Amino acid sequence: MDWLIGLAGSIIVAGLAYRKKSLTQSGALAAIVMGTVYYGSGSLIWFGLLLTFFITSTIWSKWNKRKKIRFDHIYEKTGERDAYQVMANGGLGMLLCVCNAIVPHPGWLLSFAGVMATVNADTWATEIGSLSRSMPRSLLTGKRVPAGTSGAISTIGTIATLLGAATIGAAAVICLYIAADPAFSIPYQWGLLLVIGISGAIGGVVGAFTDSYLGATIQAAYHCEKCAANTERTAHCGQPTALVKGFRWMTNDIVNGVSSVVGGVAAWVLGILWL
Ligand SMILES: [Zn+2]
């Protein structure tokens with residue numbers, strides 16, 4: 001029954017997102033599979049955090065969209081999320097969800113909170129930080145760099161990172177409270193709920209800064225010889241771009257995936273030390 005509810009709910013959410021052009025067709029299909037697994041094999045906390053991420057990041061990406069169009073030529077992908085992006089954002093969480101269904105342990109949930117806090121913080125930082133009026137600074141050198149440069153951080157983007165991570169932490173506490181997750185068998189113990197929420201949020205901040213650091217160091221960056229733009233794209237102005245930094249295989253999706261792992265491990269270690 002849970003699987004059917006999950007499937008129905010996921011079809012509605014993914015269908016709306018597809019109609020609103022937040023997901024491509026492949027992205028919507030991946031989201032349906034993911035939502036169904038999250039709901040069917042987990043409990044409210046898994047689906048709830050995925051939904052919190054999905055809804056808030058969609059709202060921010062639609063917010064002030066016109067001002068952000070100037071970044072479209074820089075980012076590897078924009079607007080509609082495809083299956084790769086959906087998996088880069090939610091695939092690791094799905095794996096943790098399945099692991100927890102097979103071998104229940106609070107560590108999975110701690111990691112999951114850290115993973116979702118990472119992707120949420122990162123998305124908020126990108127969407128909100130791109131509206132910053134001042135030029136961001138490179139995380140490595142502290143020097144001002146053009147807006148949209150991967151690994152660059154701004155004050156407003158950093159605040160968005162902290163709030164994005166905190167939102168997932170708060171959502172975790174609320175979902176656990178509502179669902180009285182049987183995986184914990186000691187529901188309504190505020191101390192435990194807060195440890196998970198706070199560890200998740202801190203893990204998210206660690207993961208998001210890992211994302212910026214990798215973005216500034218080994219993520220592939222390209223240069224368009226024709227228009228002199230720095231971009232994440234392998235082609236620009238109808239011709240191939242030149243690699244100027246990082247590894248060709250270290251795409252934005254890979255950086256997001258690695259950062260999620262770091263955020264999840266950080267939350268797990270912190271939570272286990274704390275408990
Ligand atoms: Zn160009």
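Trainee: How are α7 and α8 oriented relative to each other?

Mentor: Helices α7 and α8 are roughly antiparallel, because angles over 145 degrees count as such and theirs is about 150°. The helices are DSSP runs of H or I, at least four residues long, numbered from the N terminus. This is a predicted model, in which local features need pLDDT of at least 70, side-chain atom pairs count only at pLDDT 80 or more, and totals for chains, interfaces and linings use all residues. Residues are numbered from 1 along each chain as its sequence is written, and side-chain values use heavy atoms, with hydrogens and water left out.

Trainee: Which residues do α7 and α8 cover, and how far apart are their axes?

Mentor: Helix α7 spans residues 155-179 and helix α8 residues 190-217, with the axes 8 Å apart. Axes are lines fitted to C-alpha atoms over the stretch in contact, and angles run from 0 to 180 degrees between N-to-C directions.

Trainee: Which residues of α7 and α8 meet?

Mentor: On α7 they include Ala-165, Gly-169 and Val-173, and on α8 they include Gly-197, Ala-201 and Gly-204. Contact means heavy atoms within 4.5 Å. The residues of this contact divide into 14 nonpolar, five polar and no charged. Here Ala, Val, Leu, Ile, Met, Phe, Trp, Tyr, Cys and Pro count as nonpolar, Asp, Glu, Lys and Arg as charged, and the others, Gly among them, as polar.

Trainee: Staying with α8, is Ser-199 buried or exposed?

Mentor: Ser-199, which lies in α8, is buried, with a relative accessible area of 0%. Buried means under 20% relative accessible area, exposed over 50% and partly exposed in between, using a 1.4 Å probe and protein chains only. Not counting residues up to four places away in sequence, Ser-199 touches Leu-110, Leu-194, Ala-267, Leu-270, Gly-271 and Trp-274.

Trainee: And what does Thr-210 contact?

Mentor: Leaving aside neighbours within four places in sequence, Thr-210 is in contact with Ser-259 and Val-262. Thr-210 is also found in α8 and is buried, at 18%.

Trainee: Changing topic, how many residues are in the largest nonpolar core?

Mentor: That core has 39 residues, and those touching the most other members include Tyr-38, Trp-46 and Phe-112. A nonpolar core is a set of buried Ala, Val, Leu, Ile, Met, Phe, Trp, Tyr and Cys residues joined through side-chain atoms within 4.5 Å.

Trainee: Which helix gives the largest share of this core?

Mentor: Helix α6 does, with eight residues.

Key:
Helix = DSSP H or I, 4+ residues; strand = E, 2+ residues; numbered from the N terminus. Parallel < 35°, antiparallel > 145°, perpendicular 65-115°, else oblique.
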